[in-house]
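Open the model in your viewer and keep the selection panel at hand. The stops below say what to select next and what is there.

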Amino acid sequence: MRLPRSFYLRDDVVVIARELLGKYIVTTFDDRLTSAIITETEAYAGVFDRASHAFGGKCTPRTEVMFRQGGIAYIYLCYGMHSLFNIVTNKEGIPHAVLIRAIEPVDGIDVMEKRLGRNSSVKNFTNGPGKLAKALGIHYRQSGTDLCSDSADRKESNTWIEERESIPINGQIRVTTRIGVQYAAEDALLPYRFLLDLIR
DNA sequence: CGGCCGATCCACT
DNA sequence: GTGGATCGGCCGA
């Protein structure tokens, strides 16, 4: 079941970040379907969050995507070489987003191996936001892609989030501060990072 | 228009 | 544990 727009339009981006754990991210680039369980997320809470690209209402050609209606992808280039995949949430005008930081591959693992140039048996195969985007065939050119359109629309999206059967979980969801946001002063201390331990 | 640097990753030590 | 890769976005002039 592909998640509907209403899932993303809700007000609390922190709740949405937590709820995205255990959901499946699916892409269909290169005529190959790849899917994976989301196991790590971070919430970025818009204009009042010093760690957000939209802090203070900063709206540029890059960050403008975050100000649109929830349920689309905000993807940007980091360190000149990594595409980082975020999901925009909340209503138009409120630039909330959730960064996906780790996934557990499910479908199309051979394609992911080809894209990453390594075997999936290695530890940390798709942890880290840059690697997982590459594994899924995601590129920052695709920023703004809708995650909710389906075959009833003119153009079906090639990236979406869906819910499947319940996942075996190891213990509780872990909550920590976000990675790499020390510049964000007191907001760097917010408990906005969520991690899921899968039983494997 | 120049220059700095980032929500990273990997190889190498 | 560290540094190199590699480049668009953003700011200040």
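Start at the DNA: select His53 together with DNA strand B. An N or O atom in the His53 side chain is 3.1 Å from a phosphate oxygen of DNA strand B, a polar contact (a pair of N or O atoms within 3.5 Å; within protein, one must be able to donate a hydrogen and the other to accept it, and residues adjacent in sequence count only if both atoms are side-chain atoms).

Before moving on, note that this is a predicted model, in which local features need pLDDT of at least 70 and side-chain atom pairs count only at pLDDT 80 or more, while totals for chains, interfaces and linings use all residues. Residues are numbered from 1 along each chain as its sequence is written, chains are lettered from A and ligands numbered from 1 in the order in which they are written, and side-chain values use heavy atoms, with hydrogens and water left out.

At Ala51, a backbone N or O atom lies 3.2 Å from a base nitrogen of DNA strand B.

Now select everything near the strand (a residue with a heavy atom within 4 Å of it). How many residues surround DNA strand B? There are 20, and the closest are Tyr79, His82, Asn86, Gly128 and Gly130. At least two residues of this surface come from each of β3 (73-78), β4 (82-89) and α4 (129-135); helices (H or I, at least four residues) and strands (E, at least two) are DSSP runs, numbered from the N terminus. By class, the surface has eleven nonpolar, seven polar and two charged residues, where Ala, Val, Leu, Ile, Met, Phe, Trp, Tyr, Cys and Pro count as nonpolar, Asp, Glu, Lys and Arg as charged, and the others, Gly among them, as polar.

Next, select Thr126, in the loop between α3 (109-116) and α4. Is Thr126 buried or exposed? Thr126 counts as buried because its relative accessibility is 2% (buried means under 20% relative accessible area, exposed over 50%, partly exposed in between; 1.4 Å probe, protein chains only). A polar atom of its side chain lies 2.8 Å from the backbone oxygen of Ile103. Its contacts (heavy atoms within 4.5 Å), not counting residues up to four places away in sequence, include Glu104, Pro105 and Leu132.

Go to Thr41 in strand β2 (residues 34-44). Thr41 is buried, at 0% relative accessible area, and its side chain reaches the backbone oxygen of Ala17 at 2.8 Å. Beyond four places in sequence, Thr41 is in contact with residues including Leu20, Val98 and Tyr192.

Then pick Leu190, in the loop between β7 (174-176) and β8 (193-195). Leu190 is partly exposed, with a relative accessible area of 24%. Not counting residues up to four places away in sequence, Leu190 touches Thr176, Thr177 and Arg178.

Follow Arg178 to Tyr44: Arg178 lies over the ring face at 4.7 Å from the ring centre (NZ of Lys or CZ of Arg within 6 Å of the centre and within 35 degrees of the ring normal). Likewise, the charged end of Arg2 sits over the ring of Trp160, 4.0 Å from its centre.
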